[in-house]
Amino acid sequence: MPRFRSILDTVAAYKPGKAVVSPEGRSYKLSSNESPYEPLPSVVEAIARAATEIHRYPDPGAVRLTEALAERYGVPYDHVALGAGSVAVTQQLLEAAGEPGAEIVYAWRSFEAYPLLVGLSGATSVEVPLRDETHDLEAMADAITDQTTVVLVCNPNNPTGTVNRTAEISRFLDRVPESVLVVLDEAYREYVRDEDVPDGLAFYRERPNVAVLRTFSKAYGLAGLRVGYLIGQAPVAAAVRKTLLPFAVNHLAQVAAIASLRAEDELLERVETVVKERARVREALLAQGWPVPPTEANFVWLRLGERTMEFAERCAALGVAVRPFAGEGARVSIGTPEANDTFLSAAEAFRG
C-alpha cells in the first residue's frame, strides 16, 4: 500500500455546507454564508468577455488585481498577496510559518478550517475556548509561548458572529511578542455595523506583526470563483506569495474581482439589505425565546447542544439547509426574505 503522512490519520476533512430539498421541492441554502444575490450585471459582462480568453494561462502575479487592491486600500503594492479564497491564503501563510515544533494559536470554536490547515502545515494547534461565544483575547495572549509563530483572530468570528472591539484588540496586541504574527481574519468585514469594531488595516499600518485577511466570496458574491487576499507588511506578503501555487487565481476570478471593486457602491447596497434582514431575523428569534448572540456577520448562531442535529434535520424537512456543529450549535446564513421566513417558521416550530 502507498504510504502517506501520518498527520492525515488525525485530520478531519473540511465539511462544506450542503443544500437540501423539502418534499414539496423547496430549497433554501443557508449553510455556507454565501450572498443570496446573483453577481451584478457589470460583473457578469466582465466575466463573459474574459471567457473568450481562457485558452491562455492567467497572469500568475495577478498584477492588475493586486494594483486595484493596493489602490483601494491605500497600501503599497508589495503589501498585497493573493490566493484562491482566504482559506487558501491562510494555507499559504501556514505553509510559510508552520512547521513541526511551531504552535498556532486560535479560538475555538472558530473557522473550522483552522485545525485542518494547521495540521497539514505540520504545526501544533493551540485552541483557546471562547468566552461568552467570543474570542477570549486575554486567554489567547496567555497561550502564546516561545514556539508560537501565528495567532489567528477571526473578527467577526465564524460561526458565532461575535466581535472583539478596538480597545481589547489593542490591549491584546500589546501583549503579543513582535516575533509572533497576528492575522486578523476579516472575511465578514463588510457586514460590520458596530463602530467600535476596528478595521484591521488600522492595526496593520501601525504594527509590523499584524496582517489582515479578506475575501471576495461573501459580500462581493464571488464564492464560486475563489479570490482572497492578505494585506501585511512586505516580508509577510512576500512569504505568502512564495507558497502560492502557480496560476492558482484563475483569469475569470481576477477579472471578476476587479469588476466587483469598480461596482463596490452597488454591491454594498446589497450588503445593507442583508444587514437589515440580519437584524429582522435575530429580533424574531429573540422574540421566539432563542438566546442569539449579537452578530456582525451575515449569519446567526444558535447554541443547541445535543439537539443540534435534530434541529438541522427539522429545518431540512422544510427545505432549509443550516450548518450544524454536532453537540454545539447551528450557524444559519442570512438569505432572501422568503428563505429567512421559512427558517423562522422552522425555528418557531422547533422551539414550540
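My entries follow, one topic at a time.

**Entry 1: the helix pair.** A reminder to myself that this is a predicted model. I started with helix α11, residues 308-317, and helix α12, residues 337-351. I found them packed at an angle of about 130°, and their axes are 9 Å apart.

**Entry 2: who meets whom.** From α11, I listed Glu 310, Phe 311, Arg 314 and Cys 315. Across from them in α12, I listed Phe 343, Ala 346, Ala 347, Ala 349 and Phe 350. Sorted by class, this contact of α11 with α12 has seven nonpolar residues, two charged ones and no polar ones.

**Entry 3: cysteines.** How many disulfides does the structure hold? I found zero. Cys 154 has 3% relative accessibility, so I put it down as buried, the cut-off being under 20%.

**Entry 4: Val 300.** I located Val 300 in strand β9, residues 299-303. Its relative accessibility is 1%, so Val 300 is buried. Leaving out residues up to four places away in sequence, I saw Val 300 touch Val 281, Arg 282, Leu 285, Val 292, Thr 295, Ala 330, Arg 331, Val 332 and Ile 334. Last, I looked up Asn 250, 50 residues from Val 300 along the chain: their C-alpha atoms are separated by 32 Å.

Technical notes: Residues numbered from 1 in each chain as written. Predicted model: local features only at pLDDT ≥ 70, side-chain atom pairs only at ≥ 80, totals over all residues. Heavy atoms only, no water. Axes fitted to C-alpha atoms, helices over the stretch in contact; angles between N-to-C directions. Helix = DSSP H or I, 4+ residues; strand = E, 2+ residues; numbered from the N terminus. Contact = heavy atoms within 4.5 Å. Nonpolar A, V, L, I, M, F, W, Y, C, P; charged D, E, K, R; others polar. Disulfide = S-S within 2.5 Å. Buried < 20%, exposed > 50% of the residue type's maximum accessible area, 1.4 Å probe, protein only.
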